[in-house]
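Please read the points with the model open.

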Amino acid sequence: VVLGGCSLGGAISLAVALRKRVTLRGLVLIGTFGDSRHVHGVTRRFGPLLARLLPLGLSRAFARHVIAHTPFFGRISPEDVEWIVSTRVARTREYYIRAAEAATRQHQIAAARELALPTLVLHGAEDHVLPYAAGKELAETIPGAKLATFDGAGHALFFTHHDQVNAAIAEFVRGLPQAMT
């Protein structure tokens, strides 16, 4: 199994790898972080509270605006923006509260120094949601990790630079040792 995740999903994937309850061949971390200090200060301080207080419709409208009209995520097509904020994936208030709390409680850098697992870290150089320094820190912390930097890419590099992201992941996976059966 090669486990991967982006953004908070990458931090969760890192946590799964660190627990060593699943045998993994590799780890792919996309636009993610290992320590909450990389999360924007306003989000870190007020994210869990806002997740509790804001109506879901307002949260989605705000997300749609930020993704479509700010440089934080990169240039994303209107269709992809709608997919990201769509209601097709059931996201409840409890989901947003837990996600906001999880984003503010990541402190995995010390443990990541001991991770003995082939790891690919992909990060957009223009990521304003989780700065490039967060990805660089992971790549420098995890022994033997490879860093793939995407110039001109924001937080949603898997949308805006999908061909390059897919190629980097495919190359990484092809280079992994074969799984033992």
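Where is the place of serine 7?

1. Serine 7 is in the loop between β1 (2–6) and α1 (8–19); helices (H or I, at least four residues) and strands (E, at least two) are DSSP runs, numbered from the N terminus. The model is a predicted one, where local features need pLDDT of at least 70, side-chain atom pairs count only at pLDDT 80 or more, and totals for chains, interfaces and linings use all residues. Residues are numbered from 1 along each chain as its sequence is written, and side-chain values use heavy atoms, with hydrogens and water left out.

2. Most residues other than glycine have a negative phi. Serine 7, not a glycine, has a positive phi of about 55°. Its relative accessible area is 23%, so serine 7 is partly exposed (buried is under 20%, exposed over 50%, partly exposed in between; 1.4 Å probe, protein chains only).

3. Lysine 20 is not a glycine either, and has a positive phi of about 60°. Lysine 20 sits in the loop between α1 and β2 (26–30) and is exposed, at 60% relative accessible area.

4. The largest nonpolar core has 14 residues, and Leu14, Leu27, Leu29, Leu115, Leu138 and Ile142 have the most contacts inside it. Two or more residues come from each of α1, β2, α6 (109–112) and α7 (132–141). A nonpolar core is a set of buried Ala, Val, Leu, Ile, Met, Phe, Trp, Tyr and Cys residues joined through side-chain atoms within 4.5 Å.

5. Another core, of 12 residues, lies apart from this one; among its residues are Ile30, Leu120, Leu157 and Leu176.
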